Amino acid sequence: MDYTRQEMMAIATGREFADGELAIFGVGLSMLAGFWAQKNHAPNLIAFTEGGVFGSTPVGGLPWGIEDNRISANATSFTNAIDALGCLVASGRVDNAVIGAAQIDKFGNVNTTGIWVGDVPWSAGKYVLPKVRLNGSGGANEIAVGAKKYVIMANHEKKRFAEKVDYISSPGYLNGGNEREKYNFPGGGPSSIVTTMGILRPDPVTKEFYLDAYFAFSSIEEIKENTGWDLKVSPNVKVVPEPTELELANLREIDVTGSLRKK
Amino acid sequence: MRNKLISMQEAVAKYTWDGMQYAHGGALPVGTDSIAFGREMLKQGRKNLDLISNCNTQQSNLLAAAGAIRKIEVGFAGLEVYGFANGLKRAVETGKTILEDYSNGSIPLRLLGGALNWPFVPATINVGSDEEWCCAERPDEYPCTTKIPKITDPFTGKQVGVFTVLKPDLAAIHVTMADIYGNAIMLGTEWSRYELSRAAKKVVLQADFIVDTDCMRQYPNLVRIPDVVVDAVVYWPMGAWPACSTGVYDSDEKEMFAMNAALKTDEGYEEYRKKYVDSYTTVEEYLDVIGRDKVAQLCTNPTTHLMDPYRKWIKSDAEIKQLMEGR
């Protein structure tokens, strides 16, 4: 069957969502994966955006933003940031979510703030400017703190998968173990990292992410080579089932512009 | 009740100054914002501004490219699917603008704290991450203990972080429709405009439509910004362009990309400024600059039905002119 790595990543992410969950999606790939889950196997998945746009499905293509007209044409409710990110996310009510990452480490901490070259804040002992300034947290910090669980979605490249991130924009398991308890976060932390090669999951005790499954077109070797820490592999490591014809057809119906089909 | 309709030029001259703390809003990066107000600030040469931006928009992107921002406190610094905000990115990377990172949930909470005149706001978010430990304004304090300092929760004895509250000098807020007294209805997500309108010391509304007060009397529950918190109302159609105003006009997708591409360099900014800032004075000239065909095209979009209940109260340009003169 002919499908791209991006399509496999979107489908594997969507499979992490169950029917009936209350979920929050970000813009772009994350929204595609979420709406695909809704169409494919979770018709009662309730989704909203951090802007407080409820009950809508995109019109005329993938939205340019989570508040633009394409997602605002058929909403059942418009509320606000404190409602969506505060009352529903940071409070601990939302069941599941997806966030993206420019850089990610073995404890699932996410950097979307900047790329440093040479000294980073934690090695310099002061805030040094990033070489490349990225977008910052957005609403991902609230999701990381409050969602019962969430998926981190990232292209699998060595430079992105670091032993320790330059900057923690959104906290995963921090230095591992039960360190999240120190901050009384209501959420459970990231439940998986879905990449363009496979799926990583956290060890229940150490919270270090290990390789749980790989995509049929990838391999354990390829994934280890593209990971910046000494990635442990599950003794029960398996191959992720390939997309079925129906799954792929459903995805392509949602990805009308073919953004995931570019190789 | 006082008729608060004033011209854009007058609003910017009266309510803004160099070195002020200026807030704008706002529905995330590519939804609506008071972008025309920001253009007028550039026309009047405002500089050395401290911005409160829940999210970056094309307004903060433009002001940053102009070198007019000393510091920006922001939850999200990009333009979503349109990419990185080149003007702001460049100003931050070259050290011209100090960017203080928060998140999309913490900026509205700090505004709410300001609105309620609270001494501080408990921080259940942004703690345990570099938004707490890194302070761009005080870079030598690392890990920083003064940006989100810890206090003891008197009820549990646990340590809890606290945010400083925000009370900007001015908030320029985009609304879909307002009456001449400053009662306003917003279509689409409200984002943080409710908190912003109460936190700021002065509030100027930039409205796509001026409507009769009867409209507010028909839908009082939808008037989330009442006249009592508003100082001035500016009528400026297409004022969020090239971003969208839900219910009224769509994003000008081509121009969103073109504007951001221009702001990538000083030369591009200068050209943009000539073409889209210095090129008009009146609303009529502004609409000519966008292009009348383009305006008509953008006003046909999948959300126009959202305006249907309100259309009968919309004031015509001639009526608005009369109301301005009759002040």
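Two residues are said to be in contact if their C-beta atoms, placed from the backbone, lie within 7 Å. By that rule, 56 residues of chain B are in contact with 47 residues of chain A. This is a predicted model, in which local features need pLDDT of at least 70 and side-chain atom pairs count only at pLDDT 80 or more, while totals for chains, interfaces and linings use all residues. Residues are numbered from 1 along each chain as its sequence is written, and chains are lettered from A and ligands numbered from 1 in the order in which they are written.

The predictor's confidence in each residue is called pLDDT and runs from 0 to 100. For chain B the mean pLDDT is 97, and 100% of its residues reach 70 or more. For the complex, the predictor gives an ipTM of 0.97 and a pTM of 0.97.

Back to the contact between the chains: 56 residues of chain B take part in it. Helices (H or I, at least four residues) and strands (E, at least two) are DSSP runs, numbered from the N terminus. The elements of chain B that give two or more residues to the side touching chain A are strand 3 (69-76), helix 4 (86-93), helix 5 (106-115), helix 6 (130-133) and helix 7 (193-199). For the residue classes, Ala, Val, Leu, Ile, Met, Phe, Trp, Tyr, Cys and Pro count as nonpolar, Asp, Glu, Lys and Arg as charged, and the others, Gly among them, as polar. On this side of chain B there are 25 nonpolar, 19 polar and 12 charged residues.

Chain B is divided into domain 1 (8-46 + 167-325) and domain 2 (119-163); such bounds come from an automatic or database domain assignment. Taken over C-alpha atoms, the centres of domain 1 and domain 2 of chain B are separated by 35 Å.

Next come the helix pairs. Axes are lines fitted to C-alpha atoms, for helices over the stretch in contact, and angles run from 0 to 180 degrees between N-to-C directions. Angles under 35 degrees count as roughly parallel, over 145 as roughly antiparallel, 65 to 115 as roughly perpendicular and the rest as oblique.

In chain A, helix 1 (residues 5-14) packs with helix 2 (residues 29-40) at an angle of about 60°, their axes 8 Å apart. Helix 1 of chain A is therefore oblique to helix 2 of chain A. The contact involves A:A10, A:I11, A:T13 and A:G14 of helix 1 of chain A, and residues of helix 2 of chain A including A:L29, A:L32 and A:W36.

In chain B, helix 1 (residues 8-15) and helix 2 (residues 35-43) pack at an angle of about 65°, with axes 10 Å apart. Helix 1 of chain B is therefore roughly perpendicular to helix 2 of chain B. B:M8, B:Q9 and B:V12 of helix 1 meet B:A36, B:F37, B:E40 and B:M41 of helix 2. Five of the contact residues are nonpolar, one is polar and one is charged.

Some loops of chain B hold backbone details. The peptide bond from B:Y142 to B:P143 is cis, with omega near -10°, and B:P143 lies in the loop between helix 6 and strand 6 (150-152) of chain B. Another cis peptide bond joins B:W241 and B:P242, with omega about 10°. B:P242 belongs to the loop between strand 11 (232-235) and helix 9 (253-262) of chain B.
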